[in-house]
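Here is a short tour of one protein model, meant to be read with the structure open beside it.

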Amino acid sequence: MRKQTLAGVVFSAALLGAGITDAFAADETLRSYAEKNGIYIGAILNSQWFGGGLPSQYEQVHKTQFNIVVAENEMKFDATEPSENRFNYNNGDKMVRYAKQNGMRVRGHALAWHSQVPNWVNNYKNDKKKLLSVLKNHIDNVVGHWKGQVDEWDVVNEAISNNEPQWRGFSVWYQGIGPEFIDSAFVWAHAADPNAELCYNDYNLEQGVNPKAKAGFLLEQVKRWVANGIPIHCVGSQTHVEDTTTDKHFIGSPDSLRSLARELAKLNIKLKITELDIGFKSGINVSKSDLERQGQTFRQYLDIILEEPNADTYLIWGVSDKWSWLGGLNRQKGLIYDDNLKPKPAFDSIMVRLQNFEPPQDTSKQDTTVSDTTVTDTTKKDTAATDTVGQDTTISIAKIVGPAGLSMQLNGHTLSVKGAVSARVDVFDMQGRPVFSAKNVKGSVDLKDVSEGLYVVRVRSGSASLTKRIAIK
Ligand code: G3I
């Protein structure tokens, strides 16, 4: 998908939610707004889904809200070639069918990785020639099987070590073949499906672009690959990050990842966020404000994908906190739906940002090739809200009627809510940060504490929900 230019953003009465109630209009979803902005938004299909072990509500949320999918484990080496030259595509085929039925893009994860390699491969660890043919045969078969159906592949995953960036030593591929396994893997994958986008994927890439950080080391390799004509098209930043307020030791920031995106743009290489989660330390009490701050961080990473012209994918490593790998990492609550598949504040932040994102006025930059895009002044995006106040005043005070008669109208600072015995009113700034909230609103609520400016207000009553942009003057 190319980033589209938008003359304006649609601010029709929008219904927020999980896509699981009648009150949720089919076209008012994360994916519908992602598509309007020309990006992909997705979540893995958790391993439990493949065995039919998840409630139907999970799949309903997944296919309603997302337009790109990747398997948590089912396209990895051990899953697809459990014994030598005997391939198992059943689960992968199931996901590809599901994706086609639901109009989703498919990511393949992952071809050459040190982890989840079946034991039989290790029998050849001292035989370079054989290991090369094992890896080539795997890539030929797996990529060939899904040729034209898997749109993009993580060809090489996590080949760089964490500290003192260098190639990861403990990898059967690195030890047995040497770093050239990487170049070869890209060449073989491209030969097997010349139309697939091919990515290098890794974690900790949001920790700075300098020679001491993984991203700096990677950037030098990407330069070399590009110079040598290795068919690489994208870098996947896994982006398994931790809330920096509850863990002061965590380094990594959206700004650092944005810097990497801009460096990659100079090389005509895309950046994708491929495995996002923003966890809290296990064992701590996670408060409402912690969850709201988490939502802002989700939004900041989304901003990179919306604003950087060579970034197009925002993929979360799970749907609900109930089915997440994070426990194994001593983290918790890192996703955008809670244990009961209810949207968390992070969902709201993402939704509000997708609804309200306005591309830069100079849209020609968005449509040019990625190498032309490093000069894009993304600060324009953050000022768009104030710029548009004048245009929006009329609609902001009109009466908006939603489902089941739920309606809202703004007069001065008074927001009147009709059609509900009691409602909850939430006000967000244009970046999706919550600024005001009132529960059990009967009839009207005074927004005098909300300072002048442009906001998004959401009214919820039971399963009915209505959102609208408002201007407070
Ligand atoms: O296959 C066995 C199954 O037979 C058994 O019943 C089950 C019982 O626990 O275990 C199954 O294997 C587990 C597998 O997930 C499938 O559920 C493994 O023990 C477990 O280690 C494995 O964890 C996966 C992990 O990769 C392995 O490295 C996680 O689910 C998966 O989320 C995680 O994903 C990785 C990405 O591929 C790369 N980036 C990091 C990310 C998170 O670690």
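Predicted model: local features only at pLDDT ≥ 70, side-chain atom pairs only at ≥ 80, totals over all residues.

## The protein as a whole

In what follows, a contact means heavy atoms within 4.5 Å.

The protein has 16 helices along with 18 strands. Of its 473 residues, 57% are buried. The accessible surface amounts to about 18400 Å², and carbon and sulfur atoms supply 47% of that area.

## A helix and its cover

Helix α3 spans residues 56–65, and its buried residues are Tyr58, Val61, His62, Thr64 and Gln65. What lies over them? The cover includes the helices α1 (30–36), α2 (47–50), α5 (90–101) and α13 (345–356), together with the strands β1 (40–45) and β2 (68–71).

## Helix α12 and its two partners

Two packed helices are described by the angle between their axes and the distance between the axes. Take helix α11 (residues 254–266) and helix α12 (residues 288–307): their axes come within 9 Å and cross at roughly 20°. Since angles under 35 degrees count as roughly parallel, α11 is therefore roughly parallel to α12. The crossing of this pair is right-handed. From α11, the contact draws on Pro254, Leu257, Arg258 and Ala261, and from α12 on Gln300, Tyr301, Asp303, Ile304 and Glu307. Sorted by class, the contact residues of α11 and α12 are 5 nonpolar, 1 polar and 3 charged.

α12 also packs against α13, at an angle of about 35° and with the axes 7 Å apart. Here too α12 makes a right-handed crossing, this time with α13. On the α12 side, the residues that meet α13 are Leu291, Glu292, Gly295, Gln296, Phe298, Arg299, Leu302, Asp303, Leu306 and Glu307. On the α13 side, they are Pro345, Ala346, Ser349, Ile350, Arg353 and Leu354. The contact of α12 with α13 holds 8 nonpolar, 3 polar and 5 charged residues. Asp303 and Glu307 of α12 take part in the contact with α11 and also in the one with α13.

## A closer look at glutamine 296

Glutamine 296 sits in helix α12.

Setting aside residues up to four places away in sequence, glutamine 296 touches Ser349, Arg433 and Pro434. The C-alpha atom of glutamine 296 is separated by 8.8 Å from that of proline 345, which is 49 residues away along the chain.

## Helices α7 and α9

Another packed pair is formed by helix α7 (residues 128–145) and helix α9 (residues 180–192), whose axes lie 9 Å apart at an angle of about 30°. α7 and α9 cross in a right-handed sense. Lys128, Leu132, Leu135, Lys136, Ile139, Asp140, Val143 and Gly144 of α7 meet Glu180, Phe181, Ala185, Trp188, Ala189 and Ala192 of α9. By class, the contact between α7 and α9 has 9 nonpolar, 1 polar and 4 charged residues.

## Backbone features worth a look

Strand β3 (residues 105–113) contains alanine 110, which is joined to histidine 109 by a cis peptide bond with omega at about 0°. In the loop between β3 and α6 (119–122) lies glutamine 116. Though not a glycine, glutamine 116 has a positive phi of about 55°, and at 25% relative accessibility this residue counts as partly exposed.

The loop between β4 (152–157) and α8 (172–177) holds glutamate 158. Glutamate 158 likewise has a positive phi, near 55°, in a residue other than glycine, but at 10% relative accessibility glutamate 158 counts as buried.

Serine 161 is found in the loop between β4 and α8, and its 14% relative accessibility places it among the buried residues. Which residues does serine 161 contact, leaving aside its neighbours within four places in sequence? They are Gln166, Trp167, Arg168 and Lys214. Tyrosine 203 is 42 residues away along the chain, and its C-alpha atom is separated from that of serine 161 by 9.9 Å.

Terms used. Residues numbered from 1 in each chain as written. Heavy atoms only, no water. Axes fitted to C-alpha atoms, helices over the stretch in contact; angles between N-to-C directions. Helix = DSSP H or I, 4+ residues; strand = E, 2+ residues; numbered from the N terminus. Parallel < 35°, antiparallel > 145°, perpendicular 65-115°, else oblique. Left-handed = near helix turned anticlockwise from the far one by under 90°. Nonpolar A, V, L, I, M, F, W, Y, C, P; charged D, E, K, R; others polar. Buried < 20%, exposed > 50% of the residue type's maximum accessible area, 1.4 Å probe, protein only. Areas by Shrake-Rupley, 256 points an atom, 1.4 Å probe, with all protein chains shown as cover.
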